[in-house]
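Welcome! Here is a short tour of a structure that may be new to you. Take a moment to look it over before reading on.

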Amino acid sequence: MADSSFPLLTLTAAVPAVGAIATAAVPAAKRELAKRLALGVSLVTLVLAAVIAVRYDPNGDRFQLTESRSWIADFGVRYELGVDGIAVVLVALTALLIPFVILAGWHDADPTGKQSSRWRPTQGFFALILAVEAMVIVSFLATDIFLFYIFFEAMLIPMYFLIGGFGDKAHEHGEEEAARQRSYAAVKFLLYNLAGGLIMLAAVIGLFVVTNDQLGAGTFSLQEILQARADGDLEISTNTERLLFLGFFFAFAVKAPLWPLHTWLPNAMGESTAPVAVLITAVVDKVGTFAMLRFCLGLFPEASDWATPVVLVLALVSILYGALLAIGQRDMKRLIAYASISHFGFIVLGIFAMTSQGHAGATLYMVNHGISTAALMLVAGFLISRRGSRLIADYGGVQKVAPVLAGTFLIGGLATLSLPGLAPFVSEFLVLVGTFSRYPAIGIIATVGIVLAAIYVLVLYQRTMTGPVAEKVAKLPDLRAREMLVVAPLIALLIGLGVYPKPLTEIVNPAVEHTMSDVQKSDPEPDVNPVEAAHE
Amino acid sequence: MSRGVHSLWMAQDGIDKIKAPHIEYDLLAPTLIVIGAAVLGVAIEAFVPRRHRYTAQVGLAVLAMAGAFGAVIALAVSGKGTDEAQIAAMGALAVDGPALFLQGVILLVGVLAVFTFAERRLDPVAHGKQVDSFAAEAAAVPGGKAEQAAVKAGFTTTEVFPLLMFATGGMLIFPAANDLLTLFIALEVFSLPLYLLCAVARRKRLMSQEAAVKYFLLGAFSSAFLLFGIALLYGYSGSVRYAEIADVVAGNPQKMTPALADTMGNDALLLIGGAMVLLGLLFKVGAVPFHMWTPDVYQGAPTPVTGYMAAATKVAAFGALLRLLYVVLPGLKWDWRPVMWGVAIVTMVIGAILAITQTDVKRLLAYSSIAHAGFILAGVTAANEEGISSVLFYLAAYAFVTLGAFSVVTLVRDAGGEATHLSKWAGLGRRSPLVAAVFAVFLLAMAGIPLTSGFAGKFAVFKAAAEGGATPLVVVGVIASAIAAFFYVRVIVLMFFSEPRPEGPAVTVPSAFTVTAIAVGLAATLVLGVAPQYFLDLAGNAGVFVR
């Protein structure tokens, strides 16, 4: 597809950005208007994302719908946007999830009485969500590394206010303790990610110096750098490449998050409201794994190869450690957070297995994990807001009282444990196959993660939903219409993509070929008949 | 005349050959306007009735600063910053890109400082008179009868405006000074008014006077070092002119004299002299280990003065430092670079670490300014053209952020005046979301978050440093940034996520003066962050020193 003069990508990012400002400007008294405005904006963004997906030609150029403008010439920075197959599905995922996040958080930021009239938490909450959406979309679309970096870092600020400013009121030690924990979680989130980002900044500057030395003019354009590498104009020395890789990877590993840099995630997800937790794990963190695939592998193929053994081990540890800790959690949201760490381990595993199945699986995993975690977390959030407690022990027998809630919770949980027939199964299978074909031992160990996932999901379900009806649970209302509206489409997607993943794979597979050629890898030849081969 | 001693006044050529000094008034217009207005301001104090002085002084100061800024623009437009850069006033001053750029920044900061000085809406009305942040009668003993009488009479210290203009005049000369004596004179011209300004706070007067005395004593020490260093450099090279010293350092002086032949080989004179001059300048920029005065002075001085001092002094002093290192001592690059590396590293790290434990917002900003001095020094050590232009850009970005941040500090008040203790800022974001959000933007800019001017500036200096081969400095720089981020974030947490205290301070609604200062600071912060290209070009074009 040829370049289009219409800046569709810019528009897709600009709509939520402008929407955020408009939402923030709504007067204090008109809270409902702010909510509707935010929802409307997010739906328009969804439509635009759908247009991108339709206009994207899977078998066309690597980057499509490209836009390129001069921005900060002194730094060699251009405003360059473009989508490849991976970015298309992730933008679609982001645009898809935000309306549900907004709907699910409809009442989360209503002011609680005695505040001054100038304090407008509701407007702030929805404006911040839209701001995060805009920034995430830009970082998926940016093909200029500096542009990516700017939004990768800048999104921390609205995220930080969302975590610190709008936590769960439900806390076992009362509201004051909740506020303290929340602010701790927000600061931890920010400092971890800021530290990662600043280390990356050093690497970004290093990349500029390298391109400046060798190409005559420093550039951050991904396409230019890839082209220069392919033409042999740009030769980064082994040591420099490894250092730059480490700088980039560190930031993405914090964001993803990979063990042992994961400790901010349980705090952040535990203390924030369920919709914000979904925003963190299903949307924002995806930028980390996406960037590993696009930037670490694309810019530093040899260093990626060099680091693979270590990264694979870290991914394995994440899978097992996350799952084991999930089993041990008393708090529902922290359980889901640790489950996510386990899942991010799978994604990183798929990326660094360096097979096309692994890459395709990792990309699908990002999407499916987003949807399944959103479903599970949002239903958990509905449950928590009813009972006012995050502790698993406070529940029991919910399925007798609120069968629809319990049923949707179960489907979300089963998706999380990758039940065949639901979407996550496809991606988890692809990741494991992709890993196994190159590293059989690691593939086998990773499979243990699936077993552990079954334990933490089913134990969670059993303790909360089955058994005798717990005190204070008896009068819980079932899902309301608004909540059904949030959960039903997500579940439909989980089932639909589980049965028929072809639309996604058709977009992702050709794109994965590019990332494979970046790292100059081809899939290992399958051993068709090992017995015969041994005889020959 | 004994051999081996330079003589300034060897009238070998006969007394009739001494020419009358030639002064290019047009090239010196910015400085002349400001200093002239300052003199006029003194006359106003002497002759204009007290009730008209405030209006007259504010009007004069704004006009002078704006006029001088116009003159700077006119000079820049006529190419004096690039192709037609030249030495003026018989070699005393350089009119070139860096000088004009920094003079422009200093004058803009100066205008905004006049606004914050002129603010009279913040302090409660005393005896029917609106008063500003300055003592009713600076000479009166704090708490004494004379002070009470002055307060009752509604006196105000309108002398601050001429003082501000004298300081600004000195700062305009400082980065343009092209010989060591002019450098020293400029230093004193801007330092002495600043010492006085520090002492004239309306509230907490003892603390203010203590700050002034500390600043004066330590400043006097550093001036002495600077002066001694100048003497040694003169002893080494037989000249105070930058270009001539540079020639001698490079080993090919224009005119060889027996005295020069004798002293030229004496590296001890050169190294010690250079180090002492550097020390004097590093004191003014607040680099570790010459930073001790910064927190006390920043805390004690009236906040508008602190804001002005933090912004403009740093701009002027870094300008002078750049010129010294790049024009006088480039031949000594291999000697000063390791030293400046060390100073930059300890400045970044110590500034960031000490800031963490601060509990007063003004002290916090003081330590933050130390850390910033370290980041700027990282750009200075680059010793290439990017080094100059990135430092220029950083200074512009930093000046507006700092002035804006201190202006916000003046707004947060309780019964005792400005509430600078951090615990009192708890929950400010809930009471006054707008003010807290603006302050948060300034803090984020200082932390170097993308889309703010702080990030663009930090990126520019780190890039220059990396290109100059100072990769370890960049790594230390990003680590220090991460540490620094912690305390900026802590203040934001306090403002937004803590419950407001019942007896906490309130935000006073300021007049249009302070609003303008804050708005301009905010606009500069965002514009330099989102669309920095124009200003980077400006700094890039201005990045060449004339010799």
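Strand β1 (residues 64-72) of chain A pairs with β2(A) in the antiparallel sense over six bridges; two strands count as paired if DSSP finds at least two bridges between them. Helices (H or I, at least four residues) and strands (E, at least two) are DSSP runs, numbered from the N terminus. This is a predicted model, in which local features need pLDDT of at least 70 and side-chain atom pairs count only at pLDDT 80 or more, while totals for chains, interfaces and linings use all residues. Residues are numbered from 1 along each chain as its sequence is written, and chains are lettered from A and ligands numbered from 1 in the order in which they are written.

Between β1(A) and β2(A) lie four residues, making a hairpin, and Gly76(A) in the turn has a positive phi of about 70°. Across the pair, Ser68(A) stands opposite Glu80(A) in β2(A).

Next comes the contact with chain B. Here 34 residues of chain A are in contact with 27 residues of chain B, contact being C-beta atoms, placed from the backbone, within 7 Å. The elements of chain A giving two or more residues to this side are β1, α5 (145-154), α6 (156-165) and α7 (174-215). With 18 residues, α7(A) gives the most.

How confident is the predictor?

| Helix of chain A | Confidence in chain A | Mean pLDDT |
|---|---|---|
| α21 (residues 530-535) | lowest | 51 |
| α13 (residues 332-352) | highest | 91 |

Note on methods:
Contact = placed C-beta atoms within 7 Å. pLDDT = per-residue confidence, 0-100.
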